Amino acid sequence: MPIHDTICAVTTPAGVSAVAMIKVSGPSALSLVDRIFVPKRRDAVSLAQTEGYQMVYGHLVDHSTGEMIDDGMALVYRAPHSYTGEEMVELTLHGSPLILSLVIEQLCAVGARVAERGEFTRRAVLSGKLTLGGAEAVNDVILATNRSALRMSLTQMTGRFGTRVAELRDGLIRVASLLELELDFSEEDVDFVSRPELLQSCEALRAEVLSLSESYRKGEAVKRGIPIAIVGSPNVGKSTLLNSLLGEDRAIVSDVEGTTRDTIEGHLFVDGQEFRLIDTAGLRETDDPVESLGIGRTIREVGSALLVLWMIDPRETTEAVSEVWRRLPSETPEVVALLNKSDETTAEERHRMSDHLSSLGIQEVINIIGRDSGEAKKVTDLLHRHFANLVVAEGEVVVSNLRQAMALRRAADGLARVEEGLRADQPTVLLAQDLRDATAAMGEVIGDVVTEDLLDSIFSHFCIGK
Ligand code: GDP
Ligand code: MG
């Protein structure tokens, strides 16, 4: 359905600033702005007669009284050479909330309407300027807080990611078309493609689809910060360590057991890498319902972390330590033990605990004084050592959003069913159906099949001006 209305929005953050921008997009963008914009040059033509990529200086005025509101620049884009693919004007004005709201009011008075969340980008998708994956990436580009995350979203935005997915989907389509051909000639009961060859192609494709879908864990870690959980018994100094690492009093530190009941997060940057440190409730038996909820949450965080820092006071009993070990969930990733409070403990106590830990299978044990911020470097070095490779290289294709990871997963499942069917010598009709499902799922990854619901759910995360 063609779009008839013209939308406008302030695209810069709320508040006072030196300059700010209003975007206007739609079939009447130029003629609407013309009604409230008076070019200063005597020989100037209207915006509607101005070529694309030209900037015009002028006054913004009240359309009915002609009273000046501000002066500023209008940058003209001609369809289809604009972000949305439509006629567009970008007004650069003074960053005053009053001026901005007056101009938006004027634009609406002459026939524009205020854009919905992500509507500019939505139009870019509808006019074929951006793929759906590219649109999602626009938001990620804006929200990226570290270099790897930025690289990853740029790869998505510029379409390199989509190209990789399209290649895989084309592989699926090739296999599918062979099967469909066979169906067309089903009377003759011949196999066009050798079954072992077909099986091989499916296996190879599935391995690639799976590896792409599994890159989501990396993508997620890079985007949100590599998740590191700090666990241990109550009072061993977990919150103190978090504070030392962050260089601020984020978590409450106290010698009352069970003080930290909720998980507390802080972001730490080490050599440009972003870590999401998660301080957790001490793991112990408790009757306190709130503390129990905190412990439940701890267990979940541990399961999704990429590394667990297990803090231990060497004076704890070995039973207490084994109890914490027992409580860690089965999907616990690598664990590094930090023997805390080295300023108060003896070498003998530390040795005894190290021996116990190695009997539990813990390889890496580090002595630390968590409340000494100088000692926090031992932990940042450790993080650097473990994760130096967890970066996204320029152009590397990584899945960074759950929707795509799930669609890839479905494609892999579909392929697995085709493989099963081939091994069980199933009729071609069934194989072809499973393959069609897998191909459709691949299409969803890049947004070939765009439904209104999908668009709504994606753009609801955007801001108005994007
Ligand atoms: P959490 O329950 O594991 O979060 O422990 P807290 O961080 O709240 O600390 C419990 C107590 O241990 C507090 O009184 C801290 O001051 C103390 N503490 C933390 N780290 C150290 C340390 O490195 N050395 C010593 N001596 N005390 C510490
Ligand atoms: Mg605590």
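Which residues does leucine 415 touch, not counting residues up to four places away in sequence? In this predicted model, the list runs to Leu172, Cys202, Leu205, Arg206, Val209, Leu435 and Ala438. Leu415 also turns up in the largest nonpolar core, a set of 34 residues. Along with Val209, Leu435 and Met442, Leu415 touches the most other members of that core.

Now for how the helices pack. Two packed helices are described by the angle between their axes and the distance between the axes. For α7 and α13, the axes come within 9 Å and cross at roughly 160°. Angles over 145 degrees count as roughly antiparallel, so α7 is roughly antiparallel to α13. The crossing is left-handed. On the α7 side, the contact includes Cys202, Leu205, Arg206 and Val209, while Leu415 is one of the α13 residues taking part. Sorted by class, this contact has 17 nonpolar, one polar and six charged residues.

A second pair is α4 (residues 132-143) and α5 (residues 147-157), which pack at an angle of about 155° with their axes 7 Å apart. That angle makes α4 roughly antiparallel to α5, and the crossing of these two helices is left-handed. Helix α4 brings Gly133, Gly134, Ala137, Val138, Asp140 and Val141 to the contact, and α5 brings Leu150, Ser153, Leu154, Gln156 and Met157.

Technical notes
Residues are numbered from 1 along each chain as its sequence is written. Chains are lettered from A and ligands numbered from 1 in the order in which they are written. This is a predicted model: local features need pLDDT of at least 70, side-chain atom pairs count only at pLDDT 80 or more; totals for chains, interfaces and linings use all residues. Side-chain values use heavy atoms; hydrogens and water are left out. A nonpolar core is a set of buried Ala, Val, Leu, Ile, Met, Phe, Trp, Tyr and Cys residues joined through side-chain atoms within 4.5 Å. Buried means under 20% relative accessible area, exposed over 50%, partly exposed in between (1.4 Å probe, protein chains only). Contact means heavy atoms within 4.5 Å. Axes are lines fitted to C-alpha atoms, for helices over the stretch in contact, and angles run from 0 to 180 degrees between N-to-C directions. Helices (H or I, at least four residues) and strands (E, at least two) are DSSP runs, numbered from the N terminus. Angles under 35 degrees count as roughly parallel, over 145 as roughly antiparallel, 65 to 115 as roughly perpendicular and the rest as oblique. A crossing is left-handed if the near helix is turned anticlockwise from the far one by less than a right angle, and right-handed if clockwise. Ala, Val, Leu, Ile, Met, Phe, Trp, Tyr, Cys and Pro count as nonpolar, Asp, Glu, Lys and Arg as charged, and the others, Gly among them, as polar.
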